[in-house]
Amino acid sequence: MNRWLMGAWLGLAGGAALGYAAVIERTRVELDRYTVRVAAQGLPPDGLTILHLSDFHFVAHGSVQARKIERARALLAGVTYDVVALTGDLIHDSEGLGTALDFIRTLRPRYGTYFVPGNHDYAEYTPWGVFGHTWRESTQGGRLGLSDLAHAVRSLVDFVGKVARNDLVRMPVRFNNVPAILDALARIGVRPLVNTSAPLNVDGYDVWFAGVDDLTESTPDLAAALADVPPGAPLVLLAHNPDAWLQRGVDRADLVLSGHTHGGQIRLPLLGAIHTQGTHLRRRGSAGWFERGRSRLFVSRGMGESIPLRFGARPQVALITLLGPAEGRAA
């Protein structure tokens, strides 16, 4: 009887945890405010406030998603910010683009909105993607051979090994029309930054924004992204994948904004994130602030999920005020 009761209690606890992760924590969006001081000269005297949003993973509809959006809008009501930085994965599938555009239209930056694409903006993923495109195509006829099964087993073992080693995992099954997405964003006033940069004039001060393409599904080119940025100019770099932090020359940026990790999405006691999705990130440090020389990296926990679960990593919108060096500043 004691074993039965223990099993029943464990089952109830597990079910409650699963329900919390699937329905409750996913809607508990938090607005986190940060102030970071950088070495670059030439920032506006009062600084620059950036609303950093990442990893919406929007689909067409959904009650949990609707509550999440409502919560985010309530948190941002009455909040002032100069710039919106969108660091990719706006959509989970192509049907989510309308939802993403509707949400972005509600944002009210003083100066502008910038975007870099993430892997989900390029591709849709399902569990079939673990086995690759050839596996999916071979199953469409309804007949599987021994070679197909052997390929599936090898692919699954390889996938599990990558997760355990915290390697990059790629499993797309369908590719999106990224030029059409960029065009739709441009039509509502969002400036895409795909391996390029642009200056933003704020009260007579030029602050540069640059963006690199997605590491998983495209080709980031940091040199091209920074080619037009004047030496010493204040620079904010957008990169969906925080592994951009590993590229030579990235420390030229005063602030790097990334997402992709969802803060680990499922964080277990003692272990931390099951999978960080960033090769240089620790399981107990899969989001937040990182520092290298004069440069700072912020990795957002994002608003959405790759699978519909969150545990120990609440959704996040971040308000970051960027200030110049303290020396010489007015009191």
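I take contact to mean heavy atoms within 4.5 Å. I start with V212 on that basis. Leaving aside neighbours within four places in sequence, V212 is in contact with V116, L193, N195, P220, D221, L222, A225, L237, L238, A239 and A244.

**Ground rules.** I note that the model is predicted: local features need pLDDT of at least 70, side-chain atom pairs count only at pLDDT 80 or more, and totals for chains, interfaces and linings use all residues. Residues are numbered from 1 along each chain as its sequence is written, and side-chain values use heavy atoms, with hydrogens and water left out.

**Whole chain.** I looked up the secondary structure and found eight helices and 16 strands. Helices (H or I, at least four residues) and strands (E, at least two) are DSSP runs, numbered from the N terminus. Of the 331 residues, 51% count as buried. Buried means under 20% relative accessible area, exposed over 50%, and partly exposed in between (1.4 Å probe, protein chains only). I also checked contacts between residues at least 6 apart in sequence: 75% of them join residues at least 24 apart.

**V212 again.** V212 is found in strand 9. Its relative accessibility is 1%, so V212 counts as buried. From V212 to H240 I count 28 residues in sequence and 8.0 Å in space, C-alpha to C-alpha.

Which order do the six strands of the open sheet take? They run 1-16-2-3-4-7, with mixed pairing. Two strands pair if DSSP finds at least two bridges between them. Strand 1 (30–37) and strand 7 (190–192) are the edges, each pairing on one side only. Neighbouring strands here are turned by 25 degrees against each other on average, direction ignored. For such angles, axes are lines fitted to C-alpha atoms, for helices over the stretch in contact, and angles run from 0 to 180 degrees between N-to-C directions.

Strand 2 and strand 3 pair in the parallel sense over four bridges. I50 stands opposite V83 in strand 3. Strand 3 and strand 4 also run parallel, joined by four bridges. A85 has Y114 of strand 4 as its bridge partner. In a regular strand the side chains alternate between the two faces of the sheet. Strand 4 is covered on both faces: G112 and Y114 on one side, T113 and F115 on the other, are all buried.

**The cores.** A nonpolar core is a set of buried Ala, Val, Leu, Ile, Met, Phe, Trp, Tyr and Cys residues joined through side-chain atoms within 4.5 Å. The largest has 32 residues, and L53, F56, L86, L90 and F103 have the most contacts inside it. Elements giving two or more residues to this core are strand 2 (48–53), helix 2 (63–76), strand 3 (83–86), helix 3 (97–105), helix 7 (178–187) and strand 16 (316–323). A second, separate core of 24 residues includes L43, L48, V236 and A318.

What does L53 touch, beyond neighbours within four places in sequence? I list V84, A85, L86, T87, F103, L107 and V317.

In helix 3, the buried residues are L97, T99, A100, L101, F103 and I104. They pack against strand 2, helix 2, strand 3, helix 7 and strand 7. I181 is found in helix 7. At 6% relative accessibility, I181 counts as buried. Not counting residues up to four places away in sequence, I181 touches I91, L97, D121 and N176.

**Aromatic rings.** My search of the whole structure gives eight aromatic pairs. Rings of Phe, Tyr and Trp (its six-membered ring) pair if their centres lie within 6.5 Å; planes under 30 degrees apart count as stacked, over 60 as edge-to-face and the rest as tilted.

Why is the pair of Y20 and F311 edge-to-face? The ring centres are 6.1 Å apart and the planes stand at 90 degrees, so the pair falls in that class. Y20 lies in helix 1 (residues 2–24) and F311 in the loop between strand 15 (295–299) and strand 16, so the pair ties together parts 291 residues apart in sequence. Y20 is partly exposed, at 24% relative accessible area. F311 is partly exposed too, at 28%.

Y114 and F209 have ring centres 4.6 Å apart and planes at 10 degrees, so this pair is stacked. Both residues are buried.
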